[in-house]
Amino acid sequence: MSTAYEQSGRTRQKQRTRNDLIAAARELITQGGSAPTVEEAAAAASISRTTAYRYFRSQAELLAAAHPEVELPSLLPAGSGDDPETRLLAVVAAFVEILLEFEPQQRTMLRLSLEPSSQPDQLPLRQGRAIGWFEDALAPARDRLSETAVHRLAIAVRSAVGIEALVWLVDVAGLSRDEAADVMLSSARAIVRAALAEGADA
């Protein structure tokens with residue numbers, strides 16, 4: 001979200017400055033440690049502290065902007081067919097790949113989302129993109145499941161697949177990231193099979 005300052009005059013130069021701050025924040029996150037402040041990102045980008053605060057009024061705003069955006073309506077590979085389980089598992093595999101690629105940023109956003117002062121509508125982690133991707137994958141299941149049931153199934157899969165699950169599997173259960181990915185995929189498979197079987201029985 002751009003500020004009024006960014007929209008007034010010299011917009012291209014201001015966009016470059018904003019991008020430099022975001023890039024610096026992402027690099028600091030990737031390097032590990034605590035989430036970077038606006039001042040730290042400004043120093044890394046060789047931008048003055050005063051200028052940086054014209055773009056990002058708080059650390060939360062900076063970190064939300066630095067979160068990797070995946071603006072895709074669907075994660076389904078071409079030629080996925082009409083089998084709900086096959087489609088869902090293909091999307092879960094793609095989602096986990098994105099998760100592992102951007103794990104440091106995802107962990108930072110998870111920490112931010114748990115802070116009482118955070119605003120849900122500004123946090124990508126709370127905007128339910130994965131649920132939409134899973135519902136898209138499960139579209140063929142609507143011939144046996146209600147719209148509500150498909151939505152609940154997508155939520156159930158999301159509860160077993162994501163940064164929250166990855167953190168627990170790696171940090172608490174002590175699995176490698178490859179093992180954690182396999183567990184998340186297996187959990188998704190078990191959830192969707194059970195739901196589809198129940199739908200068929202009904």
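This is a predicted model: local features need pLDDT of at least 70, side-chain atom pairs count only at pLDDT 80 or more; totals for chains, interfaces and linings use all residues.
Student: What share of the contacts with a separation of 6 or more comes from residues 24 or more positions apart?
Tutor: A contact here means heavy atoms within 4.5 Å. Of the contacts with a separation of 6 or more, those between residues 24 or more positions apart account for 65%.

Student: Which element gives the most residues to the largest nonpolar core?
Tutor: This core has 37 residues, and those with the most contacts inside it are L88, V92, F134, V157, V161 and M184. Two or more residues come from each of α6, α8 (129–137), α9 (147–160), α10 and α11 (177–201). With 8 residues, the element that gives the most is α6.

Student: How many residues are in the other core?
Tutor: Another core lies apart from the largest one. I22, A41, F56 and M109 are among its residues, and its size is 20 residues.

Student: Which residues does V161 touch, leaving out those up to four places away in sequence?
Tutor: V161 is one of the residues with the most contacts inside the largest nonpolar core. Leaving out residues up to four places away in sequence, V161 touches V92, F95, V96, M184 and A188.

Student: Is E85 buried or exposed?
Tutor: E85 sits in helix α6 (residues 84–101). Residues up to four places away in sequence aside, E85 touches R189, V192, R193 and L196. Its relative accessibility is 16%, and the cut-off for buried is under 20%, so E85 counts as buried.

Student: How far apart in space are E85 and A188, C-alpha to C-alpha?
Tutor: In sequence, E85 and A188 are 103 residues apart. Their C-alpha to C-alpha distance in space is 9.2 Å.

Student: Is S46 buried or exposed?
Tutor: S46 lies in the loop between α3 (38–44) and α4 (49–55). Its phi is positive, near 60 degrees, though the residue is not glycine. Most residues other than glycine have a negative phi. The relative accessible area of S46 is 72%, and the cut-off is over 50%, so S46 is exposed.

How values were computed
Residues are numbered from 1 along each chain as its sequence is written. Side-chain values use heavy atoms; hydrogens and water are left out. Helices (H or I, at least four residues) and strands (E, at least two) are DSSP runs, numbered from the N terminus. Buried means under 20% relative accessible area, exposed over 50%, partly exposed in between (1.4 Å probe, protein chains only). A nonpolar core is a set of buried Ala, Val, Leu, Ile, Met, Phe, Trp, Tyr and Cys residues joined through side-chain atoms within 4.5 Å.
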